[in-house]
Amino acid sequence: MTSVIERLQGDAPPFSIEFFPPRDEADEAVLWRSIRELEPLDPAYMSITYGAGGSSRDGTIRSIARVATETTLCPMAHLTAVDHSVAELRNVIGWYAAVGVRNILALRGDPPGDVYGDWVPHPEGLTYAEELVELVRSLGDFCVGVSAFPYGHPRSADLETDTKYLVRKFRAGADFAIAQLFFEAEDFLRLRDRVAAAGCDALVLPGIMPLTTPRTLRTTIKLSGTSASQRLLDRLEPLSDDPKAFRAAGLDAVTEMCEKLLAEGVPDLHFYTFNRAKATREVVTRLGLVPARA
């Protein structure tokens, strides 16, 4: 099984894609239609998220297993420590290995029901993401990713502290990090600079959400943990009642941000697809990242 790091060592700037596990048969049909539409574009890797407390664990494992055995894609599975004992985590990691998945995004995860609630570790579980990285590393030859936060994790006291904890995850064995959502290319580049200034040369990748509707803008604001830039709001909010114009302007803004990131040497753009293919395909096509055969 090819690792994420190996897939990122090509000459052309790649992109990657993220999906969430299906809740029912209808969701599964939508997911697989999008996977098949994006597969010919040859993304560097694809990932499937993992619900808090194992709420979507079975769907993640089943979907990742299909990707590993039925597609040409390089799969990466998410794994969180929420509500899991170490024994349960070992079992999940073993299931991933058994279906041929060797890339894992190791996340502590958020408290179920309230992402800003108090973190309560499982009595037989783990407390920090770096512990999960160490556990995954101890169980096999895995390529391990972690999360990063351009504006700092909501529970971090300041950006310096947040950077220190990110570097600790790298020191624990993480190969790369994927940054949570942000609004301007400079916001991500400052994160990358902070990691470098801390004496760490590990790979940090940007997470990108195509802005197609006011709802996706609100979701981006929520997941980023901060307000959108005024420049972006001034560009998009006047178009909130015009779906076609909002979508066009949103994709323009995201494409321009991606162009800046690529110009700064970013080796991968990680797209959150919401299990839809069209917007991601449009952006990567504009960026010239689509193989000629696709």
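**View 1. Aromatic pairs: the structure holds 5 of them.** In a pair, ring centres of Phe, Tyr or Trp (its six-membered ring) lie within 6.5 Å, and planes under 30 degrees apart count as stacked, over 60 as edge-to-face and the rest as tilted. Take Tyr-45 and Phe-176: their ring centres are 6.3 Å apart and their planes meet at 55 degrees, so this pair is tilted. Helices (H or I, at least four residues) and strands (E, at least two) are DSSP runs, numbered from the N terminus. Tyr-45 and Phe-176 are both buried; that means under 20% relative accessible area, with exposed being over 50% and partly exposed in between (1.4 Å probe, protein chains only). Phe-182 and Phe-188 are another buried couple.

A quick word on what you're looking at: this is a predicted model, where local features need pLDDT of at least 70 and side-chain atom pairs count only at pLDDT 80 or more, while totals for chains, interfaces and linings use all residues. Residues are numbered from 1 along each chain as its sequence is written, and side-chain values use heavy atoms, leaving out hydrogens and water.

**View 2. Arg-66 has a ring on one hand and a salt bridge on the other.** The charged end of Arg-66 sits over the ring of Trp-32, 3.8 Å from its centre. To count, NZ of Lys or CZ of Arg must be within 6 Å of the ring centre and within 35 degrees of the ring normal. Arg-66 also forms a salt bridge with Glu-28, with the closest N and O atoms 3.8 Å apart. Arg-66 lies in helix H3 (residues 57-70) and Glu-28 in helix H2, so this bridge ties together parts that are 38 residues apart in sequence. A salt bridge here is a side-chain nitrogen of Lys or Arg within 4 Å of a carboxyl oxygen of Asp or Glu. Arg-66 is partly exposed at 27% relative accessible area, whereas Glu-28 is buried at 18%.

**View 3. Arg-190 and Asp-187 meet in a salt bridge.** Their N to O distance is 2.6 Å. Both sit in helix H7 (residues 185-197), 3 residues apart, which puts about one helical turn between them. Arg-190 is partly exposed, at 45% relative accessible area, but Asp-187 is buried, at 12%.

**View 4. Glu-18 is buried yet has no salt bridge.** You'll find Glu-18 in strand E1 (residues 15-19). The nearest side chain of opposite charge, Lys-169, is 14 Å away; Lys and Arg count as positive and Asp and Glu as negative, with His and the chain ends not counted. Setting aside neighbours within four places in sequence, the contacts of Glu-18 (heavy atoms within 4.5 Å) include Ser-47, His-78 and Tyr-272.

**View 5. Asn-275 has a positive phi although it is not a glycine.** That phi is about 60 degrees. Asn-275 is in the loop between strand E9 (269-272) and helix H11 (278-286), and is buried, with a relative accessible area of 2%. Asp-42, also not a glycine, has a positive phi near 55 degrees. Its loop runs between helix H2 (25-38) and strand E2 (46-48), and Asp-42 is partly exposed at 34%.
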